[in-house]
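Colleague: I'd like to learn how to read a model like this one. Can you take me through it feature by feature?

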Amino acid sequence: MACSMTTFAPSKALVSNSRTSALSGSRVVPRAAPKVSKQAKQFAVCAAETESSTSTGMTIEEQRVIAKDLVVYFNERKYQKEYTASRVFGWTQNAEVTNGRWVMFGILVGLMTEYANDITFVDQILLTITNLGFADVYEG
């Protein structure tokens, strides 16, 4: 059967369901996949062939060039992801997580010290700056 350029819509005679959805107690019985006739399958293949040859207008060689460019692009992206994951210094994900955990630990210690000694968190920071010799800012 040769492909013709006529439009064709599958009728109900070409597509039929062997069983329908039904309720069985509290369970839904799924429908079977519709049975498609040979004529409808042939139409789908012919429609795909005519659409692919007329709508894109690209040759196989043009598609190969584009595919090669895409392969190069995605290989570069893969390399960039691997490079970013393997970095040790700088603004990396691992460094940010570690710094965030140390900050949370410092805030927890500062709040527990404030609870135990009645020295506010800000006064603790000022006391630390004074004890390290950076500036004389604590007036306690």
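Modeller: Helices (H or I, at least four residues) and strands (E, at least two) are DSSP runs, numbered from the N terminus. This is a predicted model, where local features need pLDDT of at least 70 and side-chain atom pairs count only at pLDDT 80 or more, while totals for chains, interfaces and linings use all residues. Residues are numbered from 1 along each chain as its sequence is written, and side-chain values use heavy atoms, with hydrogens and water left out.

Colleague: What pattern do the helices and strands follow along the sequence?

Modeller: The protein chain has four helices and four strands, in the order β-β-β-β-α-α-α-α.

Colleague: Now the side chains. Is Q124 buried or exposed?

Modeller: Buried means under 20% relative accessible area, exposed over 50%, and partly exposed in between (1.4 Å probe, protein chains only). Q124, which is found in helix α4 (residues 121–132), has a relative accessible area of 14%, so Q124 is buried. Leaving aside neighbours within four places in sequence, Q124 is in contact (heavy atoms within 4.5 Å) with G110, T113, E114 and I119. Across the protein chain, 5% of the 140 residues count as buried.

Colleague: How do I read aromatic pairs?

Modeller: A pair of aromatic rings is described by the distance of the centres and the angle of the planes. Rings of Phe, Tyr and Trp (its six-membered ring) pair if their centres lie within 6.5 Å; planes under 30 degrees apart count as stacked, over 60 as edge-to-face and the rest as tilted. A search of the whole structure finds two such pairs. The rings of Y73 and F74 have centres 5.1 Å apart and planes at 75°, so they are edge-to-face. W102 and F105 have ring centres 6.0 Å apart and planes at 85°, so this pair is edge-to-face.

Colleague: Where do W102 and F105 lie?

Modeller: Both lie in helix α3 (residues 93–117), three residues apart, about one turn of the helix. An α-helix has 3.6 residues a turn, so residues three or four places apart point the same way. W102 is exposed at 58% relative accessible area, whereas F105, at 47%, counts as partly exposed.

Colleague: And salt bridges: how many does the structure hold?

Modeller: Side chains of opposite charge can pair when their charged atoms come close. The cut-off is a side-chain nitrogen of Lys or Arg within 4 Å of a carboxyl oxygen of Asp or Glu. The structure holds one, between the side chains of E61 and R64 (3.6 Å, N to O). E61 and R64 both lie in helix α2, three residues apart. E61 is partly exposed at 46% relative accessible area, and R64 counts as partly exposed at 49%.
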